[in-house]
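User: I've got a protein chain open here and I'd like to find my way around it. Can we go through it bit by bit?

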Amino acid sequence: MLRESSRTKGGNYDLTLLTGTSGDGNIPHGALLVQFAEAVLGRDDQRLTALQSEIRARMGDAALVDAAAIAATFNAIDRVADATGIPIEDNKAEATADFRAALGINAFAENRGEIADPRDRRPAT
């Protein structure tokens, strides 16, 4: 979704920020938001509290609420999809092939012995 919204808004986001590269990904406060997302999923409550304070100071209360809601929602949706084994749909696989390859996303499924791209599940004709 971020990739498509950046295209319509003329943005040039570098989502490799999500895989540990340095910088902000051309996203305002990108590095801070990634640190926050990692802290939400981590176990260091002091780090989380410090990052919450930093977001409030640099971006405002509403931004903290938005960031927390996005992190929580993504975590929930991702867990439901993983738990039920929902594969990516063919049309989404095609539309995101370059994105998934650049970020190494297919490796997660492949490391579990699964086929990451549903197009690879089709019988040969």
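User: What pattern does the protein chain follow along the sequence?
Analyst: Reading along, you get α-α-α-α-α-α. That makes six helices and zero strands. Keep in mind that this is a predicted model.

User: How much of the chain is buried?
Analyst: Of the 125 residues, 22% are buried. The chain exposes about 9000 Å². Carbon and sulfur atoms supply 55% of that area.

User: And what share of the contacts is between residues 24 or more positions apart?
Analyst: They account for 37%, counting contacts with a separation of 6 or more.

User: OK, the inside. Which residues make up the largest nonpolar core?
Analyst: There are nine: L32, F36, A39, L48, L51, I55, A63, L64 and A67. Helices α2, α3 and α4 each supply at least two residues of this core. Helix α4 covers residues 61-84.

User: Why would residues like that gather?
Analyst: In soluble globular proteins, nonpolar side chains tend to be buried together.

User: Which residues of α2 are buried?
Analyst: G30, L32, V34, F36 and A39. The buried residues of α2 pack against α3 and α4.

User: How far apart are the end C-alpha atoms of α2?
Analyst: They are 17 Å apart. The helix has 12 residues, which should span 16 Å at 1.5 Å a residue, so the two values agree.

User: Now α3. What does E54 do there?
Analyst: E54 lies in helix α3 and its side chain meets that of R58 in a salt bridge. The N to O distance is 2.7 Å. Both residues sit in α3, which runs over residues 45-59. They are four residues apart, about one turn of the helix.

User: Why does four apart work for a pair?
Analyst: An α-helix has 3.6 residues a turn, so residues three or four places apart point the same way.

User: What else is E54 in contact with, beyond its neighbours within four places?
Analyst: L32 and M59. L32 is 22 residues away from E54 in sequence. In space the two are 8.4 Å apart, C-alpha to C-alpha.

User: How many salt bridges does the count come to?
Analyst: Two. Besides R58 with E54, R56 forms one with D61. The closest N and O atoms of R56 and D61 are 2.7 Å apart. R56 is partly exposed, with a relative accessible area of 47%. D61 is partly exposed too, at 45%.

User: Last stop, α5. Where is the kink centred?
Analyst: On T96, and the kink is about 60 degrees. T96 is also among the buried residues of α5, along with A93, R100 and L103.

User: How far does α5 reach from its first C-alpha to its last?
Analyst: It reaches 19 Å, close to the 20 Å expected at 1.5 Å a residue. The helix covers residues 90-103, which makes 14 residues.

User: What comes just after α5?
Analyst: G104, which takes a positive phi of about 70 degrees.

Key:
Residues are numbered from 1 along each chain as its sequence is written. This is a predicted model: local features need pLDDT of at least 70, side-chain atom pairs count only at pLDDT 80 or more; totals for chains, interfaces and linings use all residues. Side-chain values use heavy atoms; hydrogens and water are left out. Buried means under 20% relative accessible area, exposed over 50%, partly exposed in between (1.4 Å probe, protein chains only). Contact means heavy atoms within 4.5 Å. Accessible areas come from the Shrake-Rupley method with a 1.4 Å probe; for residues, only the protein chains shown count as cover. A salt bridge is a side-chain nitrogen of Lys or Arg within 4 Å of a carboxyl oxygen of Asp or Glu. A nonpolar core is a set of buried Ala, Val, Leu, Ile, Met, Phe, Trp, Tyr and Cys residues joined through side-chain atoms within 4.5 Å. The expected span of a helix is 1.5 Å times one less than its number of residues. The bend at a residue is the angle between axes fitted to the seven residues ending there and the seven starting there.
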